[in-house]
Amino acid sequence: MTRNELLQEMERLVVAGDQKAYEEFVLAHFTEFPEEVQGKILVGFYSETLDKQEGSAMIAQIRQQGVEALEKIEQIQAAIEKKE
Amino acid sequence: MSMDGGMYRMRDAHKRMKRSEETAHPVTDEEMDVSEHERTLGDIMQNKKEQDKFLNRFCSDEDPAMTQQITTALESNTLLNPDQDKFLSKMLGRYNLRTAELEQIREMLTPEEMMRIGENDPRIQRVIDKIGPEKAAELFGKEFEELALSDGRQFNKLVKQMRQVHGVESGVGQELDEYVRQQLTQFGIREESYWEATKTGMTVETENNLRRLARENLTIFGSAIESLKDRSPFMRAMFGDSRSIHLMKNFENQTEVLQSLDKYRKAIGRVLQGTLTPEVNMAIQKAMLEGGEVREKKIENNVTSLQDYQGVKNDANPDPDATKARWEKYKPQELARRKIKNLGSLSAVDRGRVEDEMKTDFANKELERRKGYRAGAAFAALLGLLFATGPQTEDEVKNLLTF
């Protein structure tokens with residue numbers, strides 16, 4: 001496909017609002033894109049993956065902080081109860 | 001544009017400072033030697049390619065107007081004013097650091113790393129299957145360089161996210177959930193005790209409400225964590241000074257402490273419990289992104305919808321006819337700004353100069369405008385392709401323009 005044909009088909013898919021078909025088209029015709037566009041597609045996908053991983057990393061951090069804090073609460077309570 | 005770098009050599013020589021040549025790796029935080037990336041303005045100006053990267057891309061991304069003034073001054077061998085000089089010095093430091101960071105990132109983006117990235121994203125895996133990990137690494141490297149030089153904000157965002165997720169294992173969601181569940185049980189926090197309000201169809205009906213609830217609980221969670229830090233007033237009172245003895249001996253105070261601990265436990269338990277429910281987990285992530293330092297400001301000209309894309313096509317379609325149409329609109333406005341009623345009334349020399357200036361200015365604005373658009377994966381290909389179909393250089397744009 002020529003660049004213009006690629007562009008027209010992609011625009012058609014975007015207008016149709018079919019995200020899956022659009023992505024499928026991009027992946028199926030990946031090697032037909034100019035190299036700078038190929039790089040943008042790849043790093044764009046990577047950015048989306050990082051968005052998801054960043055969220056998971058934040059949750060992991062919260063969980064670690066939370067569990068450590070619960071352990072600390074247990075220790076303090078035990079210390080108080082021992083004194084009582 | 002070609003400039004003699006000689007004027008900078010002397011100045012750079014005494015500007016070299018004995019500063020630390022080591023800084024932190026952008027992703028791993030390990031020490032990074034930046035000395036080999038240390039370039040002077042003289043070095044840069046003597047190398048046309050480097051000069052183009054530094055001035056036309058890196059500085060221009062920071063302050064296009066200032067960069068244009070500097071470029072014009074350098075081309076006409078005019079001395080830079082103090083502000084321009086200060087700007088260049090500031091940008092040089094950043095440029096050296098950025099290129100050092102870029103090099104570190106490129107070193108990380110090996111074919112092996114591509115395979116690892118592919119494992120987390122089937123779309124990237126499909127591309128790797130087609131072109132091979134080596135080619136994928138090359139494309140990644142080039143795009144990261146493009147971002148490092150021309151889109152500092154996106155580069156920094158990606159690097160920050162890479163740092164954030166570095167060393168964090170993904171894909172162990174279920175095991176991690178089980179671990180948190182066990183911990184909650186061990187600390188006597190029953191699963192149904194918290195976040196009941198978030199169950200679908202109960203008190204919270206919309207995602208926004210859920211996010212608000214997550215935000216509120218995160219604030220309380222944060223206060224509890226702060227209070228339990230070793231240097232916090234609460235902990236100092238408990239263990240750190242003579243008051244702790246008094247606290248332990250005094251029944252009323254003990255009750256007060258126990259009540260505080262119970263409050264903290266509930267706050268922490270509520271958030272931990274929330275991380276086990278997919279909808280709440282997502283709401284917590286969003287609330288953290290909104291309230292935390294990683295919150296990304298709304299990017300102007302960000303293309304995230306069909307409507308945005310149509311807007312780009314209206315404003316910046318590189319198609320020759322569309323470019324000429326914008327030029328026809330620009331001409332009278334620019335002539336009026338220059339207070340020129342009739343080009344024909346100028347001498348041939350002045351007319352030639354004005355026409356060339358206007359074409360150059362218009363061409364630069366056209367190319368600059370394209371750089372200003374940002375798009376996520378879905379629209380990146382569309383935008384990239386749209387702009388790849390039109391003229392790519394100042395001269396190519398100028399060749400389309402007539403008076």
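Predicted model: local features only at pLDDT ≥ 70, side-chain atom pairs only at ≥ 80, totals over all residues.
Biologist: What makes up chain A, in helices and strands?

Modeller: Chain A holds 3 helices and 0 strands. From the N terminus on, its elements run α-α-α.

Biologist: What share of chain A counts as buried, and what makes a residue buried?

Modeller: A residue is called buried if 20 or more other C-beta atoms lie within 10 Å of its own. In chain A, 35% of the 84 residues count as buried. For chain B the share is 27% of 403 residues.

Biologist: How many residues of chain A are in contact with chain B, and what makes a contact?

Modeller: Two residues are in contact if their C-beta atoms lie within 7 Å. By that test, 54 residues of chain A are in contact with 57 residues of chain B. On the chain A side, the elements that give two or more residues are α1 (3-16), α2 (19-28) and α3 (35-83). The most comes from α3(A), with 38 residues.

Biologist: Which classes of residue form that side of chain A?

Modeller: The side of chain A that touches chain B has 29 nonpolar, 14 polar and 11 charged residues.

Biologist: Turning to chain B, what does it contain in helices and strands?

Modeller: Chain B has 20 helices and 4 strands. Of its contacts with a separation of 6 or more, 67% are between residues 24 or more positions apart.

Biologist: At what angle do α4(B) and α5(B) cross, and why does that angle get the name it gets?

Modeller: The axes of α4 (residues 64-75) and α5 (residues 82-108) of chain B come within 10 Å and cross at roughly 110 degrees. Angles of 65 to 115 degrees count as roughly perpendicular, so α4(B) is roughly perpendicular to α5(B).

Biologist: Which residues meet where α4(B) and α5(B) are in contact?

Modeller: From α4(B) come Met66(B), Gln69(B), Ile70(B) and Ala73(B), and these meet Gln84(B), Phe87(B) and Leu88(B) in α5(B). By class, this contact has 5 nonpolar, 2 polar and no charged residues.

Key
Residues numbered from 1 in each chain as written. Chains lettered and ligands numbered in written order. Nonpolar A, V, L, I, M, F, W, Y, C, P; charged D, E, K, R; others polar. Buried ≥ 20, exposed ≤ 12 C-beta atoms within 10 Å, placed from the backbone. Axes fitted to C-alpha atoms, helices over the stretch in contact; angles between N-to-C directions. Parallel < 35°, antiparallel > 145°, perpendicular 65-115°, else oblique.
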